[in-house]
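Have a look at the structure first, then go through the notes by topic.

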Amino acid sequence: MPHLVILYTGQLEHDTDMTQLCRSLADTMLAVRDEAGEQVFPTGGVRVLAYPAAHHAVADGSGDHGFVYLNLRMGKGRSEAAQNNAGQLLLATAKAHFADLLTRRHVGITLQIDVGLPVFDGRIGNLHPLFAPSA
Amino acid sequence: MPHLVILYTGQLEHDTDMTQLCRSLADTMLAVRDEAGEQVFPTGGVRVLAYPAAHHAVADGSGDHGFVYLNLRMGKGRSEAAQNNAGQLLLATAKAHFADLLTRRHVGITLQIDVGLPVFDGRIGNLHPLFAPSA
Amino acid sequence: MPHLVILYTGQLEHDTDMTQLCRSLADTMLAVRDEAGEQVFPTGGVRVLAYPAAHHAVADGSGDHGFVYLNLRMGKGRSEAAQNNAGQLLLATAKAHFADLLTRRHVGITLQIDVGLPVFDGRIGNLHPLFAPSA
């Protein structure tokens with residue numbers, strides 16, 4: 001944690017640059033601050049993954065409608081202000097990214113932030129130390 | 001919300017028509033009614049996405065067993081009766097869809113409905129207005 | 001339930017054998033015991049699915065960093081000891097699997113276990129009976 005997973009209808013793969021969206025959302029996560037002005041998400045903990053669906057059905061099938069679901073799962077302990085700030089900034093980034101697409105196609109876009117409460121939480125890997133502040 | 005995500009072992013991709021299943025499940029969602037006879041899921045809010053796994057392992061590896069996980073995430077506020085009705089109808093749709101496959105292969109199929117409790121919930125997009133009732 | 005879903009950055013697809021990881025994790029799940037020495041996960045209920053992301057962004061983009069998220073969702077009712085034992089064993093399996101990769105690349109790896117609390121839980125399929133104990 002935190003990580004942001006994007007699930008979307010596959011026809012959008014050719015309509016918008018999802019690699020760009022991943023980078024924009026990661027940069028947004030890096031920019032989120034709490035009330036004290038501190039970075040809310042540690043640099044090494046920012047991860048965004050995007051998955052086009054192989055199959056989909058949206059609404060009543062009356063058109064080739066699209067859907068994008070953005071879900072950020074973060075650990076507990078962050079303030080409500082930090083959570084809301086993250087949500088508003090990520091939503092603004094998504095809105096800017098999809099503005100052009102929405103002039104050409106009907107798409108539903110939902111962004112949700114969940115606070116995960118896992119019963120077990122383990123980490124391995126060597127990513128965080130890369131961004132640890134030097135003494 | 002609501003949206004239904006289907007995760008499944010990749011070998012099933014050639015065994016059953018998952019696009020058809022998505023449509024059948026979306027149509028089922030559109031047909032779910034609550035105690036008052038009202039549509040439980042708004043038309044523009046019905047979204048089904050299906051993802052074959054690139055890699056999998058099932059049970060003890062004693063055969064090329066399959067697995068399908070259907071997960072509907074919906075917002076809070078719907079009655080227990082509406083939730084249960086949705087579950088029973090979706091399960092019936094899945095059962096009918098997979099009846100033939102189950103005569104040919106061992107497959108585990110699980111359908112779960114979660115009520116999401118996100119700490120942030122934002123929407124953009126232009127899908128819902130398309131299905132809004134006219135005044 | 002239980003099932004374990006692995007989400008990972010797509011560049012790792014060529015760096016490590018994810019089918020092997022799925023099998024190793026499934027075997028680990030089969031080996032987990034509770035305080036009474038009983039198998040924690042029924043054989044027919046062990047399912048592992050792995051998904052490379054089509055697009056991703058990790059940290060500040062300063063390198064082609066990787067990310068692997070392993071999420072086991074299980075039903076309620078298992079003891080804390082069983083949950084923790086499962087977590088420790090799965091983490092050890094993941095650590096062994098990725099040891100070589102971590103000498104070559106920066107990768108963040110997170111394993112979390114969630115206890116699902118679905119409002120509807122249905123099963124169909126013919127996998128469990130295959131592994132039912134004979135009378």
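**Strands that pair across chains**

Strand S3 (residues 55–58) of chain A pairs with S2(B) in the antiparallel sense, over four bridges. In that pairing, A:Ala57 sits opposite B:Val48 in S2(B). Keep in mind that this is a predicted model.

- On the chain C side, strand S2 (residues 47–52) of chain A is joined to S3(C) by four bridges, and the two strands run antiparallel.
- A:Arg47 is the residue that faces C:Val58 in S3(C).
- S6(A) also reaches over to chain C, pairing with S5(C) in the antiparallel sense over six bridges.
- Within that pairing, A:Ile124 stands opposite C:Ile109 in S5(C).

**The sheet and the helices on it**

**Where chain C meets chain A**

- Here 33 residues of chain C are in contact with 32 residues of chain A.
- Four elements of chain C each supply at least two residues to the side that touches chain A: strand S3 (55–58), strand S4 (66–74), helix H2 (80–98) and strand S5 (107–115).
- S5(C) gives the most to that side, with nine residues.
- By class, the side of chain C that touches chain A holds 18 nonpolar, twelve polar and three charged residues.

**Where chain B meets chain A**

- In this interface, 32 residues of chain B are in contact with 33 residues of chain A.
- Strand S1 (3–8), helix H1 (18–31), strand S2 (47–52) and strand S6 (120–125) of chain B are the elements that give two or more residues to the side touching chain A.
- That side of chain B divides into 19 nonpolar, nine polar and four charged residues.

**Symmetry**

- Chain B superposes on chain A by a rotation of 120° with 0.0 Å of shift along the axis, at an RMSD of 0.0 Å. This is the relation of a three-fold axis.
- B:Tyr51 is the residue of chain B that comes closest to the rotation axis, with its C-alpha at 5.0 Å.
- Only 3% of the interface residues of chain B are also interface residues in chain A, so the copies meet through different surfaces.

**Chain A by itself**

- Chain A has two helices and six strands, and from the N terminus on its elements run β-α-β-β-β-α-β-β.
- The C-alpha trace of chain A spans about 55 × 30 × 25 Å along its principal axes.
- Of the 135 residues in chain A, 45% are buried.
- Among the contacts in chain A with a separation of 6 or more, 81% are between residues 24 or more positions apart.

Notes:
Residues numbered from 1 in each chain as written. Chains lettered and ligands numbered in written order. Predicted model: local features only at pLDDT ≥ 70, side-chain atom pairs only at ≥ 80, totals over all residues. Contact = placed C-beta atoms within 7 Å. Nonpolar A, V, L, I, M, F, W, Y, C, P; charged D, E, K, R; others polar. Pairing = 2+ DSSP bridges. Least-squares fit on C-alpha atoms with pLDDT ≥ 70 in both. Buried ≥ 20, exposed ≤ 12 C-beta atoms within 10 Å, placed from the backbone.
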